[in-house]
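Colleague: Could you take me through one part of this model in detail, please? I would like to hear about the place where the chains come together.

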Amino acid sequence: MSAQQPLLSIRGVETFYGKIQALHGVDLDVYDGEIVTLIGANGAGKSTLMMTVCGTPQARNGSVTYCGEDITYKPTFEIMRTGIAQSPEGRRIFPRMTVLENLMMGGMVAGNEHFEEDLRRAFELFPRLKERQQQRGGTLSGGEQQMLAIARALMSRPRLLLLDEPSLGLAPIIVSQIFEAIAELNRADGLTVFLVEQNAYHALKLAHRGYVMVNGTITMTGTGKELLSREEVKAAYLEGGAH
Amino acid sequence: MMQARQRDSLFVASVKDSLGGALVAFALACVMVGLKVDVASGRGAELFLEHRWLAVAIAVALVFVVRLGMNMFFWKREDAPSLGLSGFLPKGGLGDGSTNLLKYGMLVLAVALPFALMYYLGSRGSRQYIDLAILVLTYVMLGWGLNIVVGLAGLLDLGYVAFYAVGAYSYALLAHYFGFSFWICLPLAGILAAFWGIILGFPVLRLRGDYLAIVTLAFGEIIRVVLLNWYEFTGGPDGLSGIPRPSFFGLEFTRGEGGFADFFGLKYNSIHRIIFLYYLIFIMAMFTNFVTMRLRRMPIGRAWEALREDEIACRALGINTTNTKLTAFALGAMFGGFAGSFFATRQGFISPESFTFLESAIILAIVVLGGLGSQVGVVIASIVMIGGFEMFREFEEYRMLVFGIIMVVIMVWKPRGLVSSRTPSVALSKNAKGISADLVQEGHG
């Protein structure tokens with residue numbers, strides 16, 4: 001796998017919020033067909049890295065390359081049209097629009113050419129959304145909103161899916177459902193997934209490879225299994241959380 | 001079977017509720033209508049009490065019947081609205097059925113209005129009412145134009161009157177300097193207003209919420225102050241007069257040969273032009289509505305609404321938020337410009353005084369009171385506000401007071417405006433395009 005060129009390549013990225021440096025030279029690769037997860041504590045810079053890939057904020061130093069093309073300084077809306085889709089932190093669905101309208105928004109940039117087909121696929125993955133299709137987004141439960149956020153991102157037929165904390169604030173059974181759907185997308189559709197998570201146990205079990213971030217730098221990397229068995233990881237992120 | 005039972009329980013609940021309403025009405029009417037204190041004529045200042053039980057009976061019966069009707073046919077609630085403040089208006093906003101009924105009712109009324117007025121009041125008596133109707137329709141059009149910016153795209157614009165002014169002055173100046181007719185100037189005024197919308201929008205649309213509101217407010221004032229001070233070009237505070245009137249396919253509304261009345265073999269009457277103006281603004285307003293409703297079902301309209309909901313999510317979905325905002329701004333400005341050139345041609349005279357901040361505030365109030373994003377709501381709010389404003393002209397001093405109270409009351413009862421329900425722009429039904437019926441079935445896939 002590592003012989004080929006990575007789909008997404010992050011090299012020496014440094015991102016600032018004003019004068020405060022959030023990322024201190026991050027290197028990370030995501031290969032085609034992989035699930036890669038980035039774990040770390042609150043405020044480690046995980047979401048910042050994901051947002052840097054999307055172009056808000058832009059990296060001050062270093063580069064982000066997607067499909068061999070430098071996208072570091074492209075505007076966000078252009079990056080999101082190149083085959084990258086994102087389910088943002090906090091879901092950010094459109095609360096007054098219906099589930100169906102939310103999904104249409106996801107495929108809008110791609111022109112909704114395969115809307116019917118993509119809709120069927122989304123409803124297959126998340127049957128709950130089908131039941132709720134005429135309901136307003138804001139009336140859905142947290143889990144359903146997360147499903148909607150992922151489904152909406154998929155409507156543009158991305159090659160790379162960025163997921164920012166999909167398990168945030170959800171019941172364990174819903175988390176399992178969502179992670180199963182992600183695995184299914186990767187297995188059946190060959191979708192590449194870059195997953196930022198705090199729920200280290202679930203994320204590492206799912207992912208092919210993982211990175212651990214501490215204070216804006218990558219401290220460890222390895223396959224999901226390797227990281228799960230490491231003592232440092234266990235102590236820092238899994239203590240009491242393995243269930 | 002099921003339906004019949006539902007209707008039955010609806011009827012029972014409605015009757016109960018109406019009885020309750022009648023009881024309250026009786027209690028109130030007994031004191032307020034039933035007893036009348038009067039000064040006896042002829043015998044100094046002696047007071048005596050008069051009983052009017054018939055009036056009480058009529059009032060109570062009226063409350064009962066109207067409330068029953070509203071319960072049965074308009075509110076259509078399983079549990080008829082309870083007594084108390086929240087019961088005065090239906091909770092979920094006007095339902096789909098009643099909104100449609102209201103829509104078509106208003107449409108028919110609007111088309112028939114001038115003739116009905118002419119029939120009952122004659123041309124002399126109806127003139128003031130048609131004038132008022134024209135004014136209301138102008139505000140309906142402005143409200144619909146601003147609704148694109150504020151209601152759909154969620155951009156708070158406090159300087160909408162600037163585009164109204166640009167439209168009005170575009171027509172007046174083009175007619176003044178080049179002698180262009182109304183029909184050439186109407187599209188030009190719209191284009192110029194849209195152009196100014198883009199010029200303003202480009203630098204400021206990166207701002208959000210309060211900041212955007214302040215900048216648009218300033219822009220509205222700048223336009224007015226420029227018009228006021230550029231004496232050589234705009235006539236400054238003296239304004240521009242002698243703005244040409246519109247013609248009906250080349251027919252002027254003048255007395256004598258070649259005029260509208262002469263051509264159609266009618267007796268010349270100045271009301272013809274008023275009626276023509278009425279239908280002109282009616283068509284312009286309906287055009288605004290038509291375009292807006294069409295766009296709402298198209299990707300750009302859906303993008304506006306998504307933008308109102310969550311800008312960050314929009315960007316994450318690859319939507320160019322700057323362009324999306326700009327189109328909303330430009331389109332809203334264009335309709336403002338159309339309305340402005342209509343205003344100029346109707347008045348025949350314009351001055352910067354007509355384009356103060358108060359106008360922006362009124363248009364914004366119409367949009368907010370009507371319910372952000374609701375087209376029908378804008379119509380109702382325009383009728384209530386502009387119509388009410390003119391009707392109570394005699395109570396000049398109290399107008400603003402009443403105006404304020406009404407606003408507060410509506411915002412307390414219906415914080416999302418009079419028509420707060422939002423119709424989805426897409427539905428999976430059998431005749432919905434491009435989505436097959438098997439997706440609609442439950443419990444499959």
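Modeller: Happy to! About 3100 Å² is buried between chain A and chain B, with 60% of it on carbon and sulfur atoms; buried area here is the accessible area (1.4 Å probe) that two parts lose on being put together, summed over both. Of the area that chain A buries against chain B, A:Arg92, A:Arg96 and A:Lys130 supply 22%, more than any other three residues. Please keep in mind that this is a predicted model, where local features need pLDDT of at least 70 and side-chain atom pairs count only at pLDDT 80 or more, while totals for chains, interfaces and linings use all residues. Residues are numbered from 1 along each chain as its sequence is written, chains are lettered from A and ligands numbered from 1 in the order in which they are written, and side-chain values use heavy atoms, with hydrogens and water left out.

Counting residues in contact (heavy atoms within 4.5 Å), chain A brings 31 and chain B brings 34. Two salt bridges cross the interface of chain A and chain B, a salt bridge being a side-chain nitrogen of Lys or Arg within 4 Å of a carboxyl oxygen of Asp or Glu. In a salt bridge between B:Arg422 and A:Glu101, N and O are 2.8 Å apart.

Which elements of chain A give two or more residues to the side that touches chain B? They are α2 (76-79), α3 (99-107), α4 (115-125) and α5 (127-131) of chain A. Helices (H or I, at least four residues) and strands (E, at least two) are DSSP runs, numbered from the N terminus. With six residues, α4(A) gives the most to the side of chain A that touches chain B. That side of chain A divides into 14 nonpolar, seven polar and ten charged residues. Here Ala, Val, Leu, Ile, Met, Phe, Trp, Tyr, Cys and Pro count as nonpolar, Asp, Glu, Lys and Arg as charged, and the others, Gly among them, as polar.

One last pair lies within chain A: A:Arg209 forms a salt bridge with A:Glu34, their closest N and O atoms being 2.5 Å apart. This pair links distant parts of the chain, 175 residues apart, with A:Arg209 in strand β9 (residues 209-214) of chain A and A:Glu34 in the loop between β2 and β3 (35-40) of chain A.
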